[in-house]
Amino acid sequence: MRRLAWVLTPFMMGGAVAAAQSSQGGLKTSVADAQNEPSATIAGEPENDAAGRRPMTFADLQRMKRLGDPQISPSGKWVMFSATEVDLTANTKVTHLWVVPIDGRGEHQVTFWKEGESEGRFSPDGKHVAFISMDGGKSSQIYIADWNEVEGKLGPPKQLTHISTEADGPVWSPDSQRLLFVSRVYPDCSDEEIWRDEDSCNRRRDEAAEKSPVKAMVFDHLLYRHWDSYIGPKRSHVLVVSATDGNDTRDLTPRRWIGDAEAPVFSLGGPVGYAWAPDSHEIAFVTNLDAVPAASTNNDVFTLRLDGEDERPVKVSTSPGSDDAPAYSPDGRWLAFRSQSRAGYESDRFRLMVFDRQFGKSAAVAQTEKPGRSARSEAAPIKELLPALDGWVDEFRWAPNSKTIYFVTEEMGEANVLSVSVDLPEATAIANKAEYSELQVSPDGRTIITSMMTVRSPTAISAIPLNAEGRGGAPVVRLTHMNDAVLKQLELPRMESFMFPGAGNTTVQGFLLRPPGFDATKKYPMKFLIHGGPQGAWGDAWSYRWNPELMAASGYVVVMINPRGSTGYGQAFIDGVNGDWGGKPYVDLMKGLDYAEQHYSFIDKTRECALGGSYGAYMANWILTHTNRFACIVTHDGMYNPQSAYGTTEELWFNEWEFRAPGDKEPGQPWRYAEKPVSADPFRKWSPMLSIQNAKTPTLVIHGQKDYRLDLSEGLQLFTALQRLHVPSRMLYFPDEGHWVLKPQNSQRWYEEVGEWCDRWTRSNTYSSTVQ
């Protein structure tokens, strides 16, 4: 998936297929109409009849195991996956590796260390499994264990790497002899000719920094901090190591080739940025060589032949936008990757591209300059496979035949699986009515293994059966059942979809959940959830953060609208938020609320609370300063003053695109509009701060100290203004959290404070005696 900015929840969906019913039109690929479509019914999914069930609690949410990262064994018999368990009392999360037969006949745990294990990867020869764990609880390293194919068990693990700067992200070479991995090293140390000297250099630098009482940092360039940490002098490099003995380690992206850049580039929840060619003698990786990475999305795909005298990276991609997720076809002919065409726009459409390596072998231009500065011939055969698809390719996976690619794209609240042939640019629907991710294809090409979730069910490892032609049609089969015991106790209402005319009469989609124990004769308070992004979406997906089912469990109707900027409705719908943050999206939200109030008579219009995080919190701030229709507001890590937020954020390309004046070709920067009227300056035009005098609604402000996307100062400014204006307000401050609240006990406090604030001002639950 893309690098997500200003995102509200961990279930952000990445792509978009143009919505039928949207005024933008486009390619319709869904096999079901979205109007009032219930959540998916999947083979093996726990039933959820209301009889004898109870509403979900926060403790229930934390009891659920969080599954993901499925990997198929080379035999096709087993699926390995990770399962994270939360200990609320200890305030910890620990991940272990599990396996389940591909026929779904019961899962079992295969690793048991107290520090936990992750990223289990089968060697292509089926003899070993590599995984990541902590060396004595101190540093992340790669471990290797023998694999028992008959019993589905691991032998005693042995530590493979002893890297002073740690190791992560193992990827086996197809011949099972080597592993690629990532480590954060000091770029100048990579000038050393041999790894032993480079690692010694890294170790000395780390030890000196640890011993020094001076912790001051010096910055010479932007992007000095990112998301929740300061970057410091280290950079991510791609390395290789022998899988047999841990020797022959090499830095494959030294400073002499990539300078001060990261390889691969940071990608929040996105695809792996490096891959092996089938011959095990070439790799592809992603880096960004632009001079100011904080203002650039120009990630590029490079290839590198290993073990030769003329070893040097060669740039393959040509787009001024982002290129990522390189993946070789099994037969070695093609190198596929995702590409964006517009520079500086991280939410541009992700296209699926393939590069013909046969051409590359015969016509590659010798590069005599710094990698990426010379170019291939204009005739280089890089082709887009789905030029008519008005949606993002979130992720993709080659079929064993090297002719078919399976991919995930989002449409109208779902993240669906489709396929495309290299020779026929037409998308074919494979599976829908859920959110699918982390695709894996079995060696025989007859099964897709995937992580699958719905709004009523957390992630389960599932199988999508394919016929001889590689197409779907049979029911999706749930392989894991680790959360069934908890789910069987809970009443989890189905999500309903509705459509309405938004700004400019464009069709917009919304969703509604009724509370457990719903009684149509009663009136209910409402939680109006606003998603982040703004290029994100609500849909048929589970969340451990802003969980709609848990939000409804305390007796609330939950309404969620996908306004302009939301993914899943075509690129023009996404672009509709650019430079218009408080415009069309605000109208879409208010019209969606109007529709819900008019068509669902059980909503009490006097007891509504608006809640949002990230861009959703910006919109909550905009609502706070532009309408008094809500009884309360919750705003989490949001933008309050766009001018100050520009100078305190890190990914500058985001603000410079989103706050660029219409028709302006230059980056949006506050000083460029300073002498213009407010109407011509997006930073002031869409500033909640400049209308704060209108605020009347009781507001809960939440912010994390380590949030570097939206600096803490944004929340402090808002809270200060509300207090001075005597608006009922409260601030929840987390000194140890970033853009999301991730620690279990912090999450508990978050849900308690949010729930109590909504109850107080909607006169619900413990405050219900005040209801007239």
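Two strands are taken to pair if DSSP finds at least two bridges between them. In this predicted model, strand 10 (residues 168-172) and strand 11 (residues 178-185) run antiparallel and are joined by 3 bridges. Within this pair, Trp172 stands opposite Leu179 of strand 11. The two strands form a hairpin in which 5 residues lie between them, and Ser176, located in the turn, has a positive phi of about 65°.

## Two open sheets

Strands of a sheet pair through backbone hydrogen bonds, either parallel or antiparallel. Strand 18 (residues 300-305) is connected to strand 19 by 2 bridges, with the two strands running antiparallel, and Thr303 has Val314 of strand 19 as its bridge partner.

Another open sheet has 4 strands in the order 20-21-22-23, again with antiparallel pairing. Strand 20 (323-328) and strand 23 (382-384) stand at its edges with a single partner strand each, so one side of each is left without a neighbour in the sheet. On average, and with direction ignored, neighbouring strands of this sheet are turned by 25° against each other. Strand 21 (residues 334-339) and strand 22 (residues 351-356) run antiparallel and are joined by 6 bridges; in this pairing, Leu335 stands opposite Phe355 of strand 22.

## The second largest pocket

The second largest pocket has a volume of about 690 Å³. It is lined by 23 residues, of which Tyr186, Met217, Gly232, Pro233 and Lys234 are the closest to its centre. Helix 2 (residues 195-211) gives the most to this lining, contributing 5 residues. When the lining of the second largest pocket is divided by class, 12 residues are nonpolar, 8 are charged and 3 are polar.

## Confidence of the prediction

The protein chain has an average pLDDT of 91, and 91% of the residues score at least 70. Over residues 362-370, however, the pLDDT is below 50, although the model gives this stretch 16 contacts beyond near neighbours in sequence. The pLDDT also stays under 50 over residues 372-379, for which the model has 20 contacts beyond four places in sequence. Where pLDDT is low, the predicted coordinates should not be read in detail.

Terms used: Residues are numbered from 1 along each chain as its sequence is written. This is a predicted model: local features need pLDDT of at least 70, side-chain atom pairs count only at pLDDT 80 or more; totals for chains, interfaces and linings use all residues. Side-chain values use heavy atoms; hydrogens and water are left out. On a 1 Å grid over the protein atoms alone, a cavity is a set of points where a 1.4 Å probe fits but cannot get out, and a pocket is an open set with protein on both sides within 12 Å along at least five of seven lines; lining residues have an atom within 4 Å of a point. Grid points are joined across faces, edges and corners, and a volume is the space filled by probe spheres set on the points. Ala, Val, Leu, Ile, Met, Phe, Trp, Tyr, Cys and Pro count as nonpolar, Asp, Glu, Lys and Arg as charged, and the others, Gly among them, as polar. Axes are lines fitted to C-alpha atoms, for helices over the stretch in contact, and angles run from 0 to 180 degrees between N-to-C directions. pLDDT is the predictor's confidence in each residue, from 0 to 100. Contact means heavy atoms within 4.5 Å.
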